[in-house]
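Student: I am new to this structure, and I would like to get to know it step by step. Could you walk me through it?

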Amino acid sequence: MDSQGKRMMQVLSTKSGATTTKLLSPGKLIVLTGPSGVGKGTLMRLLLSRHPELNYSISATTRPPRPGEVDGKDYYFISRDKFQRLIEKGEFLEWAEFAGNLYGTSRKPVIDLMKSGKSVLLEIELEGARQIRATFPELLSIFILPPTFNELEKRIRGRKKDSEDAISRRLKRAKEEIDSASEFDLQIVNDDLETAIHDIEVAMFSGKELF
Ligand SMILES: Nc1ncnc2c1ncn2[C@@H]1O[C@H](COP(=O)(O)OP(=O)(O)OP(=O)(O)O)[C@@H](O)[C@H]1O
Ligand SMILES: Nc1nc2c(ncn2[C@@H]2O[C@H](COP(=O)(O)O)[C@@H](O)[C@H]2O)c(=O)[nH]1
């Protein structure tokens with residue numbers, strides 16, 4: 001088996017705590033989307049730590065860094081002018097305005113990873129997910145839902161990272177986003193974190209295009 005076709009062994013944890021050996025085929029694109037605060041980032045970090053063959057693309061944003069966020073690790077924090085220039089040069093695979101800031105996925109790193117047979121996980125908002133789905137119809141797209149709207153609000157507030165203005169913009173947008181959940185391949189409720197991870201893993205490892 002050559003490096004492109006090499007299937008990597010992966011241990012898939014199950015809800016019972018038992019493990020099963022699974023193979024994730026390379027060169028796949030998986031998109032996690034859903035409202036702000038639903039837990040996409042938390043799920044993505046867990047998936048990346050458990051499945052080293054998955055790759056993450058660091059997004060660019062015009063949002064100022066939150067305390068503790070690191071440029072080049074959490075995001076590339078850039079000015080609106082620079083972001084606009086990158087749009088004009090066609091450097092983004094997708095980009096969108098969300099709650100007053102611009103966010104985008106750089107084209108080259110994602111395409112290079114996929115060309116070299118690596119799998120890529122993107123964690124992006126609704127408009128960007130739609131753009132990616134139009135470009136790569138074969139992708140696996142997963143919409144993460146909160147157990148209730150009240151719980152979503154509790155999570156956004158609980159992380160204490162956003163201003164009141166940002167929280168209300170995000171909650172307003174969340175209602176519209178949740179109404180679009182059925183556009184995506186799968187809808188997974190992030191109530192119990194381990195159950196949600198398990199459900200995503202099942203989709204990743206048993207979807208026909210992922211085997
Ligand atoms: N299953 C869960 N149960 C309870 N709390 C959770 C769960 N999943 C995530 N959280 C918490 O919810 C908060 C928001 O999670 P996170 O930042 O991952 O959301 P997000 O969808 O990535 O948000 P954003 O889109 O704004 O970046 C965090 O404090 C996180 O610890
Ligand atoms: N369309 C894109 N959306 C992105 C990208 N990177 C992150 N995001 C999404 O933006 C919101 C807000 O993020 P936050 O870090 O300010 O809380 C959230 O839904 C992210 O998933 C991207 O490259 N493109």
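**Around the ligand**

Tutor: Let's start with ligand 2, where a nitrogen atom lies 2.7 Å from a polar side-chain atom of glutamate 94. Keep in mind that this is a predicted model, in which local features need pLDDT of at least 70, side-chain atom pairs count only at pLDDT 80 or more, and totals for chains, interfaces and linings use all residues. Residues are numbered from 1 along each chain as its sequence is written, chains are lettered from A and ligands numbered from 1 in the order in which they are written, and side-chain values use heavy atoms, with hydrogens and water left out.

Student: How far is an oxygen atom of ligand 2 from an N or O atom in the side chain of tyrosine 75?

Tutor: A polar contact is a pair of N or O atoms within 3.5 Å. For tyrosine 75, the distance to a ligand oxygen is 2.5 Å.

Student: What share of ligand 2 does the protein bury?

Tutor: Areas here come from the Shrake-Rupley method with a 1.4 Å probe. Ligand 2 exposes 510 Å² when taken alone. Of that area, the protein buries 96%.

Student: How many residues surround ligand 2?

Tutor: Being near means having a heavy atom within 4 Å of the molecule. The closest are Ser59, Arg63, Tyr75, Tyr103 and Glu123. In total, the number of residues surrounding ligand 2 is 17.

Student: Is asparagine 101 buried or exposed?

Tutor: Asparagine 101 is found in strand β8, residues 101-106; a strand is a DSSP run of E with at least two residues, and a helix is a run of H or I with at least four, both numbered from the N terminus. Contact means heavy atoms within 4.5 Å, and asparagine 101 touches Thr61, Thr62, Arg63, Pro64, Arg80 and Ala96, not counting residues up to four places away in sequence. Buried means under 20% relative accessible area, exposed over 50%, and partly exposed in between (1.4 Å probe, protein chains only). Because its relative accessible area is 16%, asparagine 101 is buried.

Student: What length does helix α7 reach from its first C-alpha to its last?

Tutor: Helix α7 covers residues 193-206, which is 14 residues. The expected span is 1.5 Å times one less than the number of residues, and for α7 this comes to 20 Å. The length reached is close to that expectation, at 20 Å.

Definitions and conventions. A polar contact is a pair of N or O atoms within 3.5 Å; within protein, one must be able to donate a hydrogen and the other to accept it, and residues adjacent in sequence count only if both atoms are side-chain atoms.
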